[in-house]
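Let's go through a structure together, one feature at a time. Have the sequence and the 3D view ready.

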Amino acid sequence: MSTTSRSALAVPAILALTALAATVPASAATHGPLVRTAGSLSDLQPAAPGPFDGATAAVQLVASSKGSHALLRVRGVDGPDGVTFGAHLHAGPCVAGDGAAALGHYNTDVIAGVTPPEVSERTEVWLDITVDDGAGTATASVPFVPLPGARSVVIHALATDHHTGAAGARLACLPVVW
C-alpha cells in the first residue's frame, strides 16, 4: 500500500476515533483536574480600548463521574458593576488580536458529528460573568468531558443568549491547553 493510500485511509479513521472519544461516558473519564491555567487575558480587539485590557483570569476544568465542572475567575475588569459578559470554552486556540482563531464554541454535539447540533448549556461550556467590584466568577457543570487540545476561554461583549448561544463580539481570551 502506498503512503498516499495510507494517508487517505488515516483521515477517516482519525475522524471516527475523535467522534467516538467525544461520546465516551464521563464515568469512563479520569477524575480530577484536567487543566488549571491563569494569566493575563489576550486582547482580541487591540485597536479599541475594552473592559478586559489589563485584566487577568484563571480557569480550572475538573472531570467527575457526571461529566466536568469549570470555574472561571476574572480580575481587573474596567467596567460598571452589574454588567454581564458571555464567556465560553472555544474549540480553537487563544491568539491575541485574532478572535477567529478561537473557532466556535466547544460543542460536544459538533465534535461527535450530531446533525443538527444542540446549542445549550448541556452541549457547551458557558461561563458568563457579572462584574462586581472589577471582578467576576462563573461556574458550569456539563455532562461531558472536553477532549484535550489547544482550546480557549473567550469573553464576549454581551451575555449569552440561551436560545442561540450568541454573545456578541469577542473581546478577550485565555489559552486553555491540555
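This is a predicted model: local features need pLDDT of at least 70, side-chain atom pairs count only at pLDDT 80 or more; totals for chains, interfaces and linings use all residues.

Q: Happy to. In which sense do S4 and S8 pair, and over how many bridges?

A: In general, the strands of a sheet pair through backbone hydrogen bonds, either parallel or antiparallel. Here, S4 and S8 are antiparallel and share eight bridges.

Q: What is the order of the strands in the open sheet?

A: Four strands make up this open sheet, in the order S1-S3-S4-S8, and their pairing is antiparallel. Strand S1 (32-40) and strand S8 (135-142) are at the edges with a single partner strand each, so one side of each has no neighbour in the sheet. From one strand to the next, the twist averages 10 degrees.

Q: How many bridges join S1 to S3, and how many join S3 to S4?

A: Between S1 and strand S3 (residues 56-64) there are eight bridges, and the two run antiparallel. Look for Gly39, which stands opposite Ala57 in S3. S3 is also joined to strand S4 (residues 67-75), by nine antiparallel bridges. S3 and S4 form a hairpin, with two residues between them, and Ser64 has Gly67 in S4 as its bridge partner.

Q: Now the loops. Is Asn107 buried or exposed?

A: Asn107 has a relative accessibility of 3%, so it counts as buried. You'll find Asn107 in the loop between strand S6 (87-90) and helix H2 (108-112). Its side chain reaches the backbone oxygen of Glu118 at 2.8 Å. Beyond neighbours within four places in sequence, the contacts of Asn107 include Val119 and Thr123.

Q: How should I read aromatic pairs, and how many are counted?

A: A pair of aromatic rings is described by the distance of the centres and the angle of the planes. The count here is two aromatic pairs. For Phe52 and Phe85, the centres are 4.9 Å apart and the planes at 80 degrees, so this pair is edge-to-face. Phe52 lies in the loop between strand S2 (42-43) and S3, and Phe85 in strand S5 (residues 84-85), so the pair ties together parts 33 residues apart in sequence. Phe52 is buried at 4% relative accessible area, and Phe85 is buried at 7%.

Q: And what about the rings of Tyr106 and Phe144?

A: Their centres are 6.1 Å apart and their planes at 20 degrees, so the pair of Tyr106 and Phe144 is stacked. Tyr106 lies in the loop between S6 and H2, and Phe144 in the loop between S8 and strand S9 (150-156), so parts 38 residues apart in sequence are tied together. Tyr106 counts as buried at 1% relative accessibility, and Phe144 is buried with a relative accessible area of 6%.

Terms used
Residues are numbered from 1 along each chain as its sequence is written. Side-chain values use heavy atoms; hydrogens and water are left out. Two strands pair if DSSP finds at least two bridges between them. Axes are lines fitted to C-alpha atoms, for helices over the stretch in contact, and angles run from 0 to 180 degrees between N-to-C directions. Buried means under 20% relative accessible area, exposed over 50%, partly exposed in between (1.4 Å probe, protein chains only). A polar contact is a pair of N or O atoms within 3.5 Å; within protein, one must be able to donate a hydrogen and the other to accept it, and residues adjacent in sequence count only if both atoms are side-chain atoms. Contact means heavy atoms within 4.5 Å. Rings of Phe, Tyr and Trp (its six-membered ring) pair if their centres lie within 6.5 Å; planes under 30 degrees apart count as stacked, over 60 as edge-to-face and the rest as tilted.
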